Amino acid sequence: MYKHFFKRFFDFWIALIALICISPILIVVTIWLHFANKGAGAFFFQERPGKDEKIFKVIKFKSMTDEKDAEGNLLPDKDRITPIGRFVRKTSIDELPQLINVLKGDMALIGPRPLLPEYLPYYTEREQLRHTVRPGISGWAQVNGRNNVSWDQKLEYDAYYVEHLSFGMDIRVILTTIRNVLGGKDVNVVPSAVKGAGKLNVERADRKMR
């Protein structure tokens with residue numbers, strides 16, 4: 001009953017109340033990023049597969065500029081991230097616009113993180129369980145290492161979550177997420193520099209599943 005009805009009910013109302021309460025913060029951060037990102041905009045939109053692999057656009061605060069080198073290629077992440085960008089990433093404020101995705105029904109508060117569409121052919125049958133539920137702003141994998149664990153372990157955590165999805169599990173993830181954010185645990189300001197940041201389709205190029 002929780003998985004098929006109450007989870008979506010709670011997600012909608014919690015996301016709505018949260019957006020109303022933090023709207024002043026969102027407005028300030030939006031204006032701040034608008035100027036800090038040198039014309040690159042305050043928001044980042046990217047297509048991701050959600051429940052049943054339906055593609056939607058995830059919304060995040062944009063933490064980097066679009067500065068390019070002499071050949072027209074984007075500069076490395078570490079050279080484009082701004083001081084305010086580092087702050088919103090360190091505090092996970094960059095994830096807050098995804099509450100809008102929750103309101104729309106694209107996402108849930110808790111669930112497997114939505115990954116890139118090009119990863120779809122590379123999941124095992126068990127790992128494909130992640131697309132039988134709505135993706136989440138935070139999830140079991142995020143409170144168990146985030147980008148500091150391997151792809152195999154991360155996707156196993158996602159499958160485990162789907163198999164054990166319950167109100168108690170979601171509360172546990174929410175409380176752990178809050179604790180991790182307040183403590184700055186497993187927060188990587190420049191993701192490309194950490195263990196689990198490699199692309200799944202590159203790591204599994206020799207074992208395409210479908």
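This is a predicted model: local features need pLDDT of at least 70, side-chain atom pairs count only at pLDDT 80 or more; totals for chains, interfaces and linings use all residues.
Residues are numbered from 1 along each chain as its sequence is written, and side-chain values use heavy atoms, with hydrogens and water left out.

Helices (H or I, at least four residues) and strands (E, at least two) are DSSP runs, numbered from the N terminus. Strand β1 (residues 43-49) runs antiparallel to β2 and is joined to it by 7 bridges; two strands pair if DSSP finds at least two bridges between them. Within this pair, F45 stands opposite I59 of β2. The two strands form a hairpin with 5 residues between them, and D52 in the turn has a positive phi of about 60°.

Helix α6 (residues 167-183) comprises 17 residues and reaches 24 Å from its first C-alpha to its last, close to the expected 24 Å, the expected span being 1.5 Å times one less than the number of residues. Its buried residues (under 20% relative accessible area; exposed is over 50% and partly exposed in between, with a 1.4 Å probe and protein chains only) are M169, D170, V173, T176, T177 and N180. Seen down the axis of α6, these fall within an arc of 135°, so they line one face of the helix; the arc is that of the directions from the helix axis to the C-beta atoms. The face turned away from the buried side carries the exposed residues L175, R179, L182 and G183. The buried residues of α6 pack against α1 (2-36), β3 (108-110), β4 (136-138) and α5 (151-163), contact meaning heavy atoms within 4.5 Å.

A nonpolar core is a set of buried Ala, Val, Leu, Ile, Met, Phe, Trp, Tyr and Cys residues joined through side-chain atoms within 4.5 Å. The largest has 30 residues, of which L99, W140 and Y161 touch the most other members. Helix α1 gives the most to this core, with 7 residues. Apart from it lies another core of 9 residues, including L116, W151, L155 and L200.

T65 lies in the loop between β2 (55-61) and α2 (77-80) and, at 2% relative accessibility, counts as buried. Beyond residues up to four places away in sequence, T65 touches A36, N37, K38, A40, R80 and T82.
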